[in-house]
Amino acid sequence: MVLAPSATALRCVTRAAVSSARKLAPQRPANNLMMSRPLCSIGSLSIYDRTTNNALTSKSLSTVASSLSDSLSHLSLHQQHQQKSPFSTHAAKTTVQQQQQPLGEPITFLTLSNLADNPGAVKKKRRVGRGIGSSKGKTCGRGHKGQKARAGKGVHPTFEGGQTKFYKRMPKIGKMKNSRFKLNLIPINVGTVQNYITMGRLRPERSDGVITMKDMVNAGMFPNSAVKSGVKLLGDGKEWLRDKLHIEVPWASATAIEAIESKGGFVTTVHYNRLALRAHLKPHKFPLKPEAMLAREKEDAAEEATLDLHDMHLLPKRARPPTKYMPYYTDYAKRGYLNPKVQLERKKRGLKEIH
């Protein structure tokens, strides 16, 4: 199989043949200038001497033909050898595969030179009051006079022209409804109670030896006016606790209960509403009991205990806790006074009943 030579190969062979033919052809005088005709053609290529316009002789033509045939035979053999070579085939396949393989997305690195915001992330603020040509000059889009044209916040968003606002027309629900039952408690640590007992300032008034909020007020631990909802007993300073204490407070932490009961004491959490708290802190504000009632109570309590200050006044009946706090005061883990187990424990210890 003989391959057809390419156009570039034919041009190279033709130039070589023409240059060899010039050396063998006779020279003509310079004054005989006439265009020469093609003397030899191969396909669409013609061989002639453009520089000297000399006619090629038979000898030069035979030389050109022999050189052309030799060059073409060498060129065809070279191309056949390249096609049969396995290395050339593998290289050609590798080149084709590399051209067909996608290069993927270009890799870019973030540097200070290309660091910038996303398009549209930053919007330039409009400047007002810069002349009528800017469409926001003079009054700056606020109009003439009025509350909205003045400096300041203007009209409140909830303002409805003077009528009752929408959020005030809605009923109270959730925390708004139960906010009146919120407890504002004074924190008192177990270590502070022990310090006041050690100093001799905190002494129980009741005959059963129970420490109450009134005893804490009398000891100067906090003023009477500071008690809004009661006291919360906390467990800080439990390592200093030495005495056996019986305490009645509205609220107590688990650490404080554990610390006091580890020394043999007992904690009772008792609910006080506003009236019960006033009766507890200021019993002298309420009238005394009649003599007949006091005499009957003294006879009943002759064997058990003496009457205290709270027993000598007509105090209102204690109110039950609200539904929100009823689970707390009925739980034994919280030592609630409404729990039957707590009531039985108080009776075993000889403590007075909570009416």
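Visitor: Hi! Which residue forms a salt bridge with Glu160?
Guide: Arg169 does, and the closest N and O atoms of the pair are 3.3 Å apart. Keep in mind that this is a predicted model.

Visitor: Okay. Is Glu160 buried, partly exposed or exposed?
Guide: Glu160 has a relative accessible area of 29%. Buried would need a value under 20% and exposed one over 50%, so Glu160 falls in between, as partly exposed.

Visitor: And what about Arg169, buried or partly exposed?
Guide: Arg169 counts as partly exposed, with a relative accessibility of 44%.

Visitor: How many salt bridges does the count come to?
Guide: The count comes to nine salt bridges.

Visitor: Which side chain does Glu345 meet in a salt bridge?
Guide: Glu345 meets Arg349, at 2.9 Å from N to O. Glu345 is partly exposed, with a relative accessible area of 23%, and Arg349 is partly exposed too, at 32% relative accessibility.

Visitor: New topic: where is Thr212?
Guide: Look at the loop between α6 (190-199) and α7 (213-219), and you will find Thr212 there.

Visitor: Buried or exposed?
Guide: Thr212 counts as buried, because its relative accessibility is 3% and the cut-off for buried is under 20%.

Visitor: So what does Thr212 touch?
Guide: Leaving aside residues up to four places away in sequence, Thr212 touches Arg206, Glu248 and His280.

Visitor: Let's do strands. In what sense do β3 and β4 pair, parallel or antiparallel?
Guide: Strand β3 (residues 185-189) and strand β4 (residues 230-234) pair in the parallel sense, over five bridges. As an example to find in the structure, Ile186 has Val231 in β4 as its bridge partner.

Visitor: And how many bridges pair β4 with β6?
Guide: Two bridges, and β4 and strand β6 (residues 251-252) also run in the parallel sense. Within β6, Ala252 stands opposite Leu233.

Note on methods
Residues are numbered from 1 along each chain as its sequence is written. This is a predicted model: local features need pLDDT of at least 70, side-chain atom pairs count only at pLDDT 80 or more; totals for chains, interfaces and linings use all residues. Side-chain values use heavy atoms; hydrogens and water are left out. Helices (H or I, at least four residues) and strands (E, at least two) are DSSP runs, numbered from the N terminus. Buried means under 20% relative accessible area, exposed over 50%, partly exposed in between (1.4 Å probe, protein chains only). Contact means heavy atoms within 4.5 Å. A salt bridge is a side-chain nitrogen of Lys or Arg within 4 Å of a carboxyl oxygen of Asp or Glu. Two strands pair if DSSP finds at least two bridges between them.
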